[in-house]
Amino acid sequence: MGSNMAEQHPVGFQWVIEAKERGAKVIHVDPRFTRTSAMADRHVQIRAGSDIAFLGGVVNYIFERDAWFREYVQHYTNGPVILKPDFQDTEDASGFFSGWNSEHSAYQIDTWGYNKSTGEATAGKSEQQADVSGEQAHGAHGMKLSAGQPPDIDDSMQDERCILQMVRRHFSRYTPEMVAETCGCSAEEFLEVARALCENSGRERTSAIVYSVGWTQHTTGVQNIRAASIVQMLLGNVGRPGGGILALRGHANIQGSTDIPTLYNILPGYIPMPHPQSHPTLDTFVELNGPDTGAWGNLRPYIVSLLKAWWGDAATEDNDFCFDYLPRINGDHSHYAMMLKMLDGGVKGMLCVGQNPTVGSANSKLIRLALAKLDWLVVRDFQPTESALFWQDSPEHESGEVRASDIQTEVFFLPAAAHTEKDGTYTNTQRLLQWHHKACEPPGDARSDLHWIYHLGKAIRAKLADSEDPRDRPIREVTWDYPVHGPHDEPDAEHVLQEISGRRPDGSFLESYDELLPDGSTTCGSWIHCGIYKDGVNQAARKKPHSEQNWIAHEWGWAWPKDTRMIYNRSSADPEGRPWSERKRYVWWDGDAGRWTGLGDSPDFPPEKEPGYRPSRRAKKMEAIAGDKPYILHPDGRAWLYVPTGLVDGPLPTHYEPQESPFSNPLYAQQQNPTRQVFHRPENPYNPTDGEQGAGVYPFVLSTYRLTEHHTSGAMSRTVPYLAELQPEFFCEVSPQLAAERGLEHGGWATIVTARQAVEARVLVTDRIKPLHVQGRAMHLVGAPYHWGGVGIVTGDSANELLPLALDNNVHISEYKVATCDIRPGRRPRGQARLALVEDYRRRAGVKS
Amino acid sequence: MTDPGPAAEPARSYHGQPVIKEPVWTWEIPCYFFTGGLAGASAGLAYLSERRGNEVLARRAWAAALVGATASPILLISDLGRPARFLNMLRMFKVTSPMSVGSWILAAQGASTGLVALHAWSGRLARPAALARPAAALLGLPLSTYTAALVANTAVPVWHESRGLLPFVFGAGAALSAGAAAVAVTPPRHAAPARRLALLGAACELGAKELMERRLGELGEPYRQGPASTLGHVARACIAAGAAVLATRGASSRAAAVAGGVLLGTGALSARWSVFKAGFGSASDPRYVVGAQRERIAAGQTPGAARTAPRVASPRSELGSPATAS
Amino acid sequence: MISRRRVVPPLLRQLGGDRLGLGQAAKSAVSEELAPRTRTADKVVQSICPYCAVGCGQKVYVKDEKVVQIEGDPDSPISRGRLCPKGAASEALVNSPMRETKVKYRPPGAADWEELSLERATDMIAERIIRTRRETWEEETDEGQPLKRTLGIHFLGGATLDGEENYLIKKFFSAAGALSIENQARI
Amino acid sequence: MKLETIAWPGSYGDQAKPRMGFFTDTSVCIGCKACEVACKEWNQIPMSVQGFTGHSYDNTIDLGANSWRHVAFIEQRKPVDADGDGSLSQVAARASLAEDQGLATYQEGDGIRWLMASDVCKHCTEAACLEVCPTGALFRTEYGTVVVQEDVCNGCGYCVPACPFGVLDQRQDDGRVWKCTLCYDRLKDEKEPACAQACPTNSIQYGELGELREGAEHRLAQLQHAGQREARLYLADDDDGVGGASAFFLLLDEPEVYGLPPDPVDSRRELGSIWAATAAAALALGAGLVAAALGGRR
């Protein structure tokens, strides 16, 4: 669901085909009939943005049929935990959970916690008032549980207030009929899927759910995935071979860019960035973000080792290891928030490194207007992208709204090196780090980003070498001496990897993060990557042919943490440590050897902790994790059916309509996710949604997506001859019914209009796009791949011009997958007339601009 | 380019796309069909007239043969994608390739005709020339008809399916061309054989081509539409008119002879063009290609190239599955 | 053997066992000596596909310091030597005709690019980062709590940067107090 | 099963290699076009942007001088719950979604199915292109494949209309004809052809023709067994019009739906009669000439 695997991950899809050849059933639940659907046993078409309703229906079905995996749920999830008496579910509060604060339009989550527990909401609560997101509320980090035990548990799971019952009630109205009404599929189709999932789960069998940005790019993105995890936990499909929830990520190192983040709110290894009010000192930071129990109980060694890696000798016990050198976050400083700040003149400089926001980000015009407010812009890419050329060519130039001479932004274009021109690691979608070797030198001025940042850093440090200003000390004292080689003084990537992996006091390489010390004697750039250079060997560069090892291929690359290929794999064995079934064995307890063993993967569990181990009342950190609690990153070692802290929009997934929807929420009075981020300003107008005046002006659902033949903004495909020719023009996909209704001609042109922009596309009329009957009306989908722009061998209008900014407040990702639009035959007007058309629509819809 | 779209599923073709490729040959080729025939038949006419002592006609027919034999290779070479490589035509001798065989014939016949001409002007090389005369005449015969084999031996339905008659059409065309050329340049009183040849050729050309088009039935449609049809009409009109003129006044009036000759020549050329163009129409429309083959299958003459019945009783997936196959 | 076959013209070769001239007799000198450029390459290195996150193995063939071929790495347990169209086009990506290899600079209000040396560009960017940092520095909140940051600089990184590159970027900009370091994962 | 061709292995004696070929199993083709790109990459074929065609996701249109692999996309509306040739997944889904065996029906969905198939030169056992080539530019290699030799071809264009599959075409501005070589150069190093190596789902299988055919029979049986009644092998038999081919296919509909001829025939099979007619016509012409020359008085 929410994934088009055959098109976006074709080579990964070989394993789906192989599984299918071995008898696996492949079901594709998606708003479109794609190349993935074509290969599936079954395609169920649902309305874009209705995934939670569908999955909630599955949860309800699981309870109805009593199909849940009792033993797994009881021991491995927080199903038995009793909740606070004052927690209120959306069922009781018409679409809101308890703690809604309409003034901040945010939740105060202190009622969401485990009964009789304290402190778990501390981080969450304070963050809410600071209006920062769940990621900054630090997930489980803040939770305090003595001895890792939820204080109030009912193992019979009969108690009204226990989580399992709470979940059951929450989804009780998600009946097959409700699913049909909400999603637009038939109840039978839904039931086939639900039945298939249940029948293929249990001790002997497992089912996997695959998703991609089809789930994340919604105002309910995180909760889409939460809904799937509830299904998988109830069915016991996590941490077991053939199970899991597979996030298929779209870029070579996008997983790595999150693990070792270029993200504002976390440090390497998902350590949160400090906040001004709550984290004045390292101690308070650790106190508030480090639970006493579980793997996060060692937060102090993790961050101290990081600070030592960054500021070396300057970081000492006395100065909190330079903890106060870290910049503080106290709000949403993510991409879109910054673009809006930029629009208001608050951001002076921007660096786009291998990123092309005027095509790849939503509301392209807003992005361009913001860029025009910059003093300076640096773009590093293979060629000047649309973003690098925003001052020279754009729809606003065409319409005469702007002239190059009006734009005072200074622009630097720096040519970048290709993957074949540098050493380094990519982390693939399954946390596997793979080293790629340099094949040759980059051409001309092209350099690796490693070269760029290292030498830029050196230049800045040189300029500040004798600055007295205390604010420059972090720069002056940061460890910044890496060996260089080659004609261009290329820094040694392997040396950087060594710093990430970490060293012992004697300078030797660490084996794993268990060795990290709180006293500053160890260094480690990213605790989850600790050991990637163990034994002085670049583990990521291991390339033992798969033909020479078993299917786990443990000697190819390296996966964090501790080279674990399947995370939480302790749950592939039952509480006593025996495989759930011979067929599905993976990791199990070897009583004679007194250790966890298995098919060859590293156990994601203390290797010698026997299943029967129970923590003492005073146990802390990993000691507090019982021998039958596989989810060691959580303070209670349990998977969370219900999330007491860490999310801003509720502990349980709830169906809300997209920001722009032709339909009203059939389940709750509350139409949209109340915590979603919307920005009401002239540059970001929203189409009226169902029930509002003028909603009918934009009657159709618009969804943007990618094609096999291209890559995101096209900067890596529209410039490649053999790819450009495969999908040479921007086209939209519509059903024959919509084509007839709007007079669209197959192969002709159409103009798609929203309150933001009007773009033109060639028309592909196809049966693969099917109108759905929702709430007694026909729902028409306009599909629009977004790869095109003004630069390249092939060019065209960009679909993202059409989208507004409407974000999931947990992660600040925008709703690319659903908006409303109108579509009309023929090419779009040029110049001023294009503006006039958009304006005319706005007027008719009563959109202020 | 657009198609009805999946809504109206195209009648058993792939988005209406052709199954086979149109020839890449350009104007030179139909012209060569004409000049080749002219060269071939003229040599025969010349040689026989010579033997009959009609020097006046013979000299002019040899000249026509020379013109044809000179023009032909020039036309062929200019049609090549890589003209500089024309000699590769003689790199091998392949009986499976009418073009290879034809190249050798053209080379030999051209050389013979050249020799004849050389001797006629310079008087040198008498003995070889004496051998060259009958050689040129003899080789002229296949030279006039092999071009039909060339086009018949393709996947183009309208050509391949008329393989039995096409050589006769081309042969007749050659006679017509040679006769016409000779008539046009020869004083009527010496031109009787040429007139007879022209009229005979005209009759056969008209008859054979008509028969061929009828026999093709539905596959003959390309002859009845587009450029092929127009050219066909032109050809028929010119040939009929030319023949009439020649038959009535050709023997008495030089002017009439010239007019008749030109008309017939034009007709012969148009007829070649019409055949040429029909091939394009036939190749570009999948109906003709698939249609003919489907009829064969329907008539049970062949099972076709596809088979739904496996040759093994029970599947062994370790052999068949793409997952396990490597 | 080869040399002999080359001097014997195809016409004669037909007489020896290939009368119709459809096989061995027709073989040309070039066909005889044809060799795949994977054989003639100077070196081959193992790499990883730069497009999606499946992480397919690639073999990169280099001749005269230029990539001449990129194909799937059969040793990879992830991809077993297979590639999608984008992965298969990687050679055309690194050798793309559109690839720009010179630094370019556009002054405020200018109508076109200017050339600039890499060193100069690095120096100018360093200056601007320092200047903007000073201009937009936030030392503390109104309540006097530490901020130690600038929001005047926004970094947006693609997700095809290496882990090591991301690490140094995060490390340096954090040291510089440049807070808003973001990437494709947010998009 | 007979794999011999006129020139292979005969003309190669002990230099002959096993006859190599492609089995393209379209039932697992995901239409990713990796084959098209890998082929163009390896063979350095010029780019050919032909614009948006509206032929589903196919903008390559057909095989030609600049596309030696072509992925066809066919969208078909299938009557829901139709019997026999109806939408198999619909029928089967209701029946056996609960069964352990996954449905073996491919490329079908709600009342529609999306067929994808990668086409390529067939390297026929009786190859018209090769036979009509006057220069010997086209030849049968020691692997039994059919290759155009770029150092010999002079662009006479005869092979273009001769091919019953419309595979060969002349490259503008180059003048020569080009087509799939089954990666003749890679074969010399026992490397898989570029397209087959790239193919993510192994829809394009490369190997010794004999083994490929055996596997294909089992695959066909497997699909037929699973109720995929429209599955058929194409060009897998010695007795078809081209004597079978080195590149053969498993299709899920009639060949013409994929743009393939249902009964391709090597025109050489009629060459005898063609030559006969040609000779007869030549004689007739001779007779005509004689008649004209002798007829009447002088």
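Student: In which order do the three strands of the open sheet in chain A stand, β19, β27 and β28?

Tutor: Please note at the outset that this is a predicted model. In chain A the order is β19-β27-β28, and the pairing is antiparallel. The edge strands are β19 (677-678) and β28 (813-814) of chain A, each of which pairs on one side only.

Student: How many bridges join β19(A) to β27 of chain A?

Tutor: There are two bridges between β19(A) and β27, which covers residues 806-808 of chain A, and these strands run antiparallel. To find the place by eye, look for A:Q677, which stands opposite A:L807 in β27(A).

Student: Which strands form the open sheet of five, and what is their pairing?

Tutor: Here the strand labels must be read together with their chains. The order is β1(B)-β9(D)-β10(D)-β1(D)-β8(D), with mixed pairing. At the edges stand β1 (306-307) of chain B and β8 (204-208) of chain D; each has a single partner strand, so one side of each is left without a neighbour in the sheet. Within this sheet, β9 (residues 232-234) and β10 (residues 247-251) of chain D are joined by three bridges in the antiparallel sense. D:Y234 stands opposite D:F249 in β10(D).

Student: How should I read the contact between chains A and C, and how many residues does each chain give to it?

Tutor: One may begin with the residue counts, then ask which elements and classes supply them. Chain A has 133 residues in contact with 101 residues of chain C. On the chain A side, the largest share comes from helix α19 (residues 449-463), with 10 residues. By class, that side of chain A has 70 nonpolar, 48 polar and 15 charged residues.

Student: Which strands of chains A and C are joined by five bridges?

Tutor: They are β9 (residues 349-353) of chain A and β7 (residues 146-157) of chain C, and they run parallel. One pair to look for is A:V353 with C:G157, its bridge partner in β7(C).

Student: At what angle do the axes of helix α21 of chain A and helix α8 of chain C cross?

Tutor: A helix pair is read from the distance and the angle between the two axes. The axes of α21 (residues 493-501) of chain A and α8 (residues 163-175) of chain C come within 9 Å and cross at roughly 65°. Angles of 65 to 115 degrees count as roughly perpendicular, which means that α21(A) is roughly perpendicular to α8(C). Their crossing is left-handed. In α21(A), the residues A:A493, A:V496, A:L497 and A:I500 meet C:E164, C:Y167 and C:L168 in α8(C). This contact has six nonpolar residues, no polar ones and one charged one.

Student: How do helices α1 and α2 of chain B pack?

Tutor: Helix α1 (residues 28-51) and helix α2 (residues 55-79) of chain B pack at about 155°, with axes 7 Å apart. Angles over 145 degrees count as roughly antiparallel, and α1(B) and α2(B) are therefore roughly antiparallel to each other. The crossing of α1(B) past α2(B) is left-handed. Their contact has 18 nonpolar, seven polar and three charged residues.

Student: How many residues does the contact take from chain D and from chain C?

Tutor: It takes 32 residues from chain D and 30 residues from chain C. Among the elements that give two or more residues on the chain D side are α1 (34-43) and β4 (138-140) of chain D. The chain D side divides into 16 nonpolar, six polar and 10 charged residues.

Conventions
Residues numbered from 1 in each chain as written. Chains lettered and ligands numbered in written order. Predicted model: local features only at pLDDT ≥ 70, side-chain atom pairs only at ≥ 80, totals over all residues. Pairing = 2+ DSSP bridges. Helix = DSSP H or I, 4+ residues; strand = E, 2+ residues; numbered from the N terminus. Contact = placed C-beta atoms within 7 Å. Nonpolar A, V, L, I, M, F, W, Y, C, P; charged D, E, K, R; others polar. Axes fitted to C-alpha atoms, helices over the stretch in contact; angles between N-to-C directions. Parallel < 35°, antiparallel > 145°, perpendicular 65-115°, else oblique. Left-handed = near helix turned anticlockwise from the far one by under 90°.
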